[in-house]
Amino acid sequence: MFSTKIHIQSLLFIALVFCNVEVQSQQFVWPGDINDNGKTTNVDVLYLGVGFGTTGPARDSINSSWSEQTIPSLWNQDFPGNPVMPINYAYADCNGDGFIDQDDLLVIQQNYGLENGGVIPDDFILAGIGEPILSFGPVDTIITAQNTQLVFNIEVADAAVDFYGIAFSIEYDTAFVVAGTPAFTTNPQWINPDQVQLLELGRDNGFGTYDVAICRTNQSPVSGMGGIGTFSLIIEDNLIDIVAPGPDFKLNIKDIRLIDEELNTTPVNGDSVLIDLITFSENIIKDKNIKVFPNPAKDYLHLESKDLKVEQIECYNSLGQVLFSHRTIYDYSTRIPLPDLVAGAYVLKIYTEEGIVVRQFVKNDF
Ligand SMILES: [Ca+2]
Ligand SMILES: [Ca+2]
């Protein structure tokens with residue numbers, strides 16, 4: 001009787017062990033959601049960079065569709081930073097082929113923004129005074145005959161020690177932006193002096209948020225400061241028709257995560273920038289016959305208005321300030337000297353007998 005009881009206990013113990021093994025082996029991955037928070041985001045790119053180059057057991061099928069994929073056996077490595085519920089490297093093998101590499105970034109892009117129902121938001125550490133800032137540097141305005149492009153330089157101000165990768169988001173007001181035009185281009189200078197493969201991701205959600213991730217891949221961090229890339233977008237063509245008071249176009253950098261090669265986070269402050277868009281309260285007419293050239297201009301600007309009499313011309317800078325006005329003598333063709341203008345983008349408000357026409361031009365010093 002006694003021995004039977006022990007026997008049953010042993011059986012129970014063995015059953016529990018098997019049960020445990022069974023639970024351990026039945027892990028699932030949603031391809032792209034490497035940190036297993038229920039959603040594929042730019043933060044998952046950082047995990048991909050940390051595990052990059054590692055190999056392990058492949059899944060039964062190479063399948064990256066957004067559904068529960070069984071992990072038949074875990075890999076030897078866990079991601080650091082989560083000792084209670086460690087995230088296994090198998091989660092970073094998004095397509096299940098047994099390699100953590102660039103192909104897995106394609107899966108993150110494919111399943112970007114998708115959720116599996118139980119999302120735990122990615123956490124971002126709030127930074128304090130004196131900690132690095134991810135900031136907007138100088139803004140370049142590129143004016144062509146067709147549209148106006150704004151190019152924002154994104155910079156890490158103050159030295160970032162142990163930079164391995166960064167994820168952040170840029171918020172903008174969709175009312176002023178041509179859909180589909182926001183884009184981020186990495187400037188790899190100080191973040192990739194040794195020219196390793198970079199993981200790069202830029203995603204516009206279409207509702208005023210653009211997500212960026214950049215990550216190194218050789219488990220070796222760098223230190224430095226300065227530009228990490230440019231964010232550009234095209235301003236709606238009809239913006240200058242908006243009735244005054246003019247709108248401010250605000251951009252925000254938020255949700256920043258800067259990591260070292262072991263996923264340790266450096267707190268980084270965000271930044272915002274306000275762009276004053278030029279607006280006029282008067283009735284603006286669209287007249288395709290008025291031509292301003294050359295563009296870019298150096299010393300002079302020529303204005304030709306075909307059969308529309310021009311009475312006065314005002315020149316504005318990008319802050320909406322009047323720099324000079326010019327009364328015309330020659331009704332249909334006039335030459336406007338530009339001696340005192342510094343190089344940059346300007347707007348001409350052209351008063352004609354039928355209304356105001358707006359043209360943009362760029363002044364160059366060469
Ligand atoms: Ca995730
Ligand atoms: Ca893979």
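Q: Before we start, what is a nonpolar core?
A: A nonpolar core is a set of buried Ala, Val, Leu, Ile, Met, Phe, Trp, Tyr and Cys residues joined through C-beta atoms within 7 Å. Keep in mind that this is a predicted model.

Q: OK. How many residues does the largest nonpolar core have?
A: The largest nonpolar core has 56 residues. Val-45, Leu-46, Leu-48 and Ala-213 have the most contacts inside it.

Q: Where does that core lie, and why there?
A: It lies between domain 1 (2-110) and domain 2 (133-276), because both domains give residues to it.

Q: Take Leu-48. Which residues is it in contact with, leaving aside neighbours within four places in sequence?
A: Leu-48 is in contact with Ile-34, Ala-92, Ile-100, Asp-104, Leu-105, Ile-108, Leu-199 and Cys-215. Apart from the 56-residue core lies another core, of 12 residues. Among its residues are Leu-303, Cys-315, Val-347 and Ile-350.

Q: Val-347, then. What stands opposite it in E19?
A: Gln-360 stands opposite Val-347. Another bridge pair links Tyr-346 to Phe-361 in E19.

Q: How many bridges join E18 to E19?
A: Nine bridges join strand E18 (residues 344-352) to E19, and the two run antiparallel. E18 and E19 form a hairpin, with two residues between them.

Q: What's the order of the strands in the open sheet?
A: The order is E16-E15-E18-E19. These four strands pair in antiparallel fashion. The edge strands are E16 (322-327) and E19 (355-363), and each pairs on one side only. From one strand to the next, the twist averages 20°.

Q: What holds strands of a sheet together in general?
A: Strands of a sheet pair through backbone hydrogen bonds, either parallel or antiparallel.

Q: New topic: Asn-35. Where is it?
A: Asn-35 sits in the loop between strand E1 (27-29) and helix H2 (43-51).

Q: Is Asn-35 buried or exposed, and why?
A: Asn-35 counts as buried because it has 22 C-beta neighbours inside 10 Å, and 20 or more is the cut-off for buried.

Q: What is it in contact with, beyond neighbours within four places in sequence?
A: Asn-35 is in contact with Val-43, Asp-44, Tyr-47 and Ile-87. Ile-87 is 52 residues from Asn-35 in sequence. In space, the two are 6.7 Å apart, C-alpha to C-alpha.

Q: Now the backbone. Which peptide bond at Pro-294 is cis?
A: The bond from Phe-293 to Pro-294 is cis, with omega near -10°. Pro-294 lies in the loop between strand E13 (291-293) and strand E14 (300-304).

Q: And what about the bond from Asn-295 to Pro-296?
A: That peptide bond is cis too, with omega near 10°. Pro-296 is also in the loop between E13 and E14.

Q: What is phi for Asp-162?
A: Asp-162 has a positive phi of about 55°, although it is not a glycine. It belongs to strand E4 (residues 148-163). Asp-162 counts as partly exposed because it has 15 C-beta neighbours inside 10 Å.

Q: And Leu-263, what is its phi, and where is it found?
A: Phi of Leu-263 is near 70°, a positive value in a residue other than glycine. Leu-263 is in the loop between strand E10 (248-259) and strand E11 (265-266).

Q: Why is Leu-263 partly exposed?
A: Leu-263 has 19 other C-beta atoms within 10 Å, and buried takes 20 or more.

Key:
Residues are numbered from 1 along each chain as its sequence is written. Chains are lettered from A and ligands numbered from 1 in the order in which they are written. This is a predicted model: local features need pLDDT of at least 70, side-chain atom pairs count only at pLDDT 80 or more; totals for chains, interfaces and linings use all residues. Two strands pair if DSSP finds at least two bridges between them. Axes are lines fitted to C-alpha atoms, for helices over the stretch in contact, and angles run from 0 to 180 degrees between N-to-C directions. Two residues are in contact if their C-beta atoms, placed from the backbone, lie within 7 Å. Domain bounds come from an automatic or database domain assignment.
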